[in-house]
Amino acid sequence: MSRSKRKHRYRHSRLYRIRRWIRHNKKQTVLFTVLGVIFVLGLVVWMRNALIQQSNRHITAGNSIDMGSGYRRITYNGKEYQYNSLITTVLYAGVDSEGVLETMGSYTDAPRADSINLVILDKKNQRMTIMPINRDTMTEIRRYTVSGKDRGTYTSHLGLAYTYGDGGKVSCENLREAVSKLLGDIPINEYVVTNRSSMPYINQLVGGVMVTVPNDDLAENYPEFQKGASVKLDDTNIEAYLRSRDTEEDFSNEGRMERQRSYMSAYVEQFKIVLEEDLSDTWNKVEKMNKYLQTSITKNKYINLANLLKRINFDENSFSLIEGQDAQGELHDEFYVDETALQEKIIELFYEEI
């Protein structure tokens, strides 16, 4: 190809046109170059801050234990442990709503889980343990857009895991996943979710419950709830006992959780007596409250769990509390678990040394 032809082709090439534009638009070129550098630097800074934030994020037990091949076998402090496969876990949550519990048309607007408890039925060691979990626990939860698009996980209040679902199965599964992650990815076999409208049904199932009031949190507004008093809970006072708290007082959820434990302790003993009398009739009564209940438990599973519950031990010492630190957040109280204590509790409740 001749030199003149090559020169002609070059003048009509894209590179030639770009260079020609740059020569005639030097000011714009400098401006675009500066903006490009600023953009790149901004991107680098953003990525750096994101990595720092990730490294400083609250770490749960699942992150800090060497999970090895998964939850079935773990290594902790140089020792190997195997998961007790004869454990059945049931997540119970009471959500802050009234009326029928039903799936909504959009996500992120479901009620908050106020009361969260994990029931641990250990067939091998013939024991039942209830682990109350503070709804304000800061941990990893999954969130969705209003239309239901998964936005991944981030650190927030555990009780909001239910909120960020659809008010139905997605909310239940979201809360189940969050609790599992908090506890080192152990499996949560079943779940039961109820709301305020279910309280009379639950209480009537065992004919009412006699409790010993553990604190004076409600004494000012409810004189019958003086610390140490024995009170029969019925339709007229059960909601106040289980739900009421002074929202102006920091960390008042702690006192409410204490009252809820006193109720569960008395309730389980009475429920075991009811199960001895008639398993099927109890299931029929549970079905009457199905508008205010969401559960993965079928009738066959219920019968198996009820028979197990009748045989295993449970007393006032069967509660296993998660240790941690309360803190004041920007909008809500926050609770940060003691990672070392939680890891040791997970080992104690769910594992056996190999």
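Colleague: How many bridges join strand E3 to strand E4, and do they run parallel or antiparallel?

Modeller: Keep in mind that this is a predicted model. Strand E3, residues 87–95, and strand E4, residues 113–122, are joined by nine bridges and run antiparallel.

Colleague: Which residue in E4 stands opposite Val90?

Modeller: That is Val119.

Colleague: And what is the order of the strands in that open sheet?

Modeller: E5-E4-E3-E8-E11, five strands with mixed pairing. The edges are strand E5 (127–133) and strand E11 (293–295); each has a single partner strand, so one side of each has no neighbour in the sheet. On average, neighbouring strands here are turned by 15° against each other, ignoring direction.

Colleague: Which strands does helix H12 touch?

Modeller: Helix H12, residues 339–350, packs on this sheet and touches E3, E4 and E5. The direction of H12 makes about 155° with that of E5.

Colleague: Changing topic: what is the pairing in the sheet of three strands?

Modeller: Antiparallel, in an open sheet with the order E1-E2-E14.

Colleague: Which strands stand at the edges there?

Modeller: Strand E1 (73–76) and strand E14 (351–353). Each has a single partner strand, so one side of each is left without a neighbour in the sheet. Neighbouring strands of this sheet are turned by 35° against each other on average, direction ignored.

Colleague: How many bridges join E1 to E2?

Modeller: Four, with E1 and E2 (residues 79–83) running antiparallel.

Notes
Residues are numbered from 1 along each chain as its sequence is written. This is a predicted model: local features need pLDDT of at least 70, side-chain atom pairs count only at pLDDT 80 or more; totals for chains, interfaces and linings use all residues. Side-chain values use heavy atoms; hydrogens and water are left out. Two strands pair if DSSP finds at least two bridges between them. Helices (H or I, at least four residues) and strands (E, at least two) are DSSP runs, numbered from the N terminus. Axes are lines fitted to C-alpha atoms, for helices over the stretch in contact, and angles run from 0 to 180 degrees between N-to-C directions. Contact means heavy atoms within 4.5 Å.
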